[in-house]
Amino acid sequence: MELISTRDSRRVVSFREAVLDCIPKDGGLYVPAREEDLRPWIMYMDETTSFASIAGTLTSALLREEFSPVVCERIAAAAYTGFSPELRQLDDRFFSLELFHGPTGCHKDFGFLWFASALEHLLVMEDRNAVVLAATTGVTGRSLAAAFAGKKRLKLVLVYPKGTLAGLEKKNLAWNGGNILPVEVEGDLTTALNLVRSMYADPDLVARHSLTLANTMNIGRLLPQVFFYMYAFTRLRKKVRGDIFYSVPSGNYGNLVAGLYAWKFSLP
């Protein structure tokens with residue numbers, strides 16, 4: 001998969017470059033350079049295909065120039081073994097895709113799990129380390145921690161307003177030998193966000209500590225949300241005749257963009 005900046009289509013980068021250096025110097029965002037035809041893979045899968053297998057197959061289809069099929073399967077298996085969305089049939093025409101079946105019950109679990117796994121595999125292959133720095137509160141912080149805990153090549157720094165983060169396992173904290181460092185700040189979430197933004201605005205600091213983002217500005221965080229739609233289709237394809245309409249909460253722009261990518265990747 002090749003990616004381009006939304007502000008300079010002449011600069012083409014690999015998935016690896018887009019994930020590790022996710023903020024283009026022109027201030028844009030990295031997006032797929034072209035549409036991908038995943039229909040042959042999607043049509044091969046059905047309701048018996050596990051979410052981990054779907055994710056591994058589509059990872060291989062999208063990133064075959066950079067990862068072998070074996071590595072793609074390992075990325076997905078490490079992320080999703082024991083975790084999967086579930087599609088519930090509500091009546092003859094309506095279905096609900098449940099995304100609260102991850103380790104913390106947060107819909108963001110599935111994106112974080114794949115991103116952390118892909119990033120760890122990439123860092124092992126290159127024999128290097130990286131730091132994910134994020135401003136957060138509550139459930140998002142717990143979801144991040146669950147996905148990144150125990151990674152050997154990754155450190156996670158969580159910057160949060162005092163008193164808003166709880167539920168982290170003590171064994172995963174940096175002072176207990178883990179790879180997660182929570183940092184309390186006085187003020188609200190905006191204070192934490194501004195602090196983190198000021199760090200990412202310093203190119204030397206970013207390069208020196210190999211900082212990268214874990215939000216949907218990073219294509220590695222957004223890409224696995226595309227798999228939701230493929231998974232839903234495999235469960236629907238034998239039950240529905242005619243058009244399928246997907247609906248997402250109006251404030252969930254990450255899943256909305258992922259749905260548009262799924263469409264551009266030839267989701268029937």
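**Close-up 1. Aromatic pairs, starting with Phe 15 and Trp 114.** Searching the whole structure turns up 11 aromatic pairs. To count as a pair, rings of Phe, Tyr and Trp (its six-membered ring) need centres within 6.5 Å; planes under 30 degrees apart are called stacked, over 60 edge-to-face, and the rest tilted. Phe 15 and Trp 114 have ring centres 6.1 Å apart and planes at 70°, so this pair is edge-to-face. Phe 15 belongs to helix H1 (residues 15-20) and Trp 114 to helix H5 (residues 109-126), so the pair ties together parts that are 99 residues apart in sequence. Helices (H or I, at least four residues) and strands (E, at least two) are DSSP runs, numbered from the N terminus. Phe 15 is buried, with a relative accessible area of 2%, and Trp 114 is buried too, at 0%. Here, buried means under 20% relative accessible area, exposed means over 50%, and partly exposed is in between (1.4 Å probe, protein chains only).

A quick note on what you're looking at: this is a predicted model, where local features need pLDDT of at least 70 and side-chain atom pairs count only at pLDDT 80 or more, while totals for chains, interfaces and linings use all residues. Residues are numbered from 1 along each chain as its sequence is written, and side-chain values use heavy atoms, with hydrogens and water left out.

**Close-up 2. Tyr 229 meets Tyr 246.** Here's another edge-to-face pair: Tyr 229 and Tyr 246 sit 5.5 Å centre to centre, with 65° between the planes. Tyr 229 is in helix H9 (residues 219-236), while Tyr 246 is in the loop between H9 and helix H10 (253-264), so the pair ties together parts that are 17 residues apart in sequence. Tyr 229 counts as buried at 9% relative accessibility, whereas Tyr 246 is partly exposed at 33%.

**Close-up 3. A ring cluster, and charges over rings.** Ring pairs link Phe 51, Tyr 80, Phe 110, Phe 228 and Tyr 231 into a cluster. Now for the charges: one sits over a ring if NZ of Lys or CZ of Arg is within 6 Å of the ring centre and within 35 degrees of the ring normal. Arg 221 does this over the face of Phe 112, at 4.3 Å from the ring centre. Lys 264 has its charged end over the ring of Trp 263, 4.6 Å from its centre.

**Close-up 4. Helix H3 and its surroundings.** In helix H3 (residues 51-63), 12 of the 13 residues are buried, so the helix is largely enclosed by the rest of the structure. Among them are Phe 51, Gly 56 and Leu 63. The buried residues of H3 pack against H1, helix H2 (39-42), helix H4 (69-80), H5 and H9; contact means heavy atoms within 4.5 Å.

Close-up 5. Strand E1 (residues 2-5) and strand E2 (residues 8-14) pair antiparallel over four bridges, and pairing needs at least two bridges found by DSSP. E1 and E2 make a hairpin with two residues between them, and Leu 3 stands opposite Val 13 in E2. E1 is also joined to strand E3 (residues 30-32) by three bridges, running antiparallel, with Ser 5 opposite Tyr 30 in E3.

**Close-up 6. The open sheet.** Four strands form an open sheet in the order E8-E7-E6-E9, with parallel pairing. Strand E8 (180-185) and strand E9 (211-212) stand at the edges, each with a single partner strand, so one side of each has no neighbour in the sheet.
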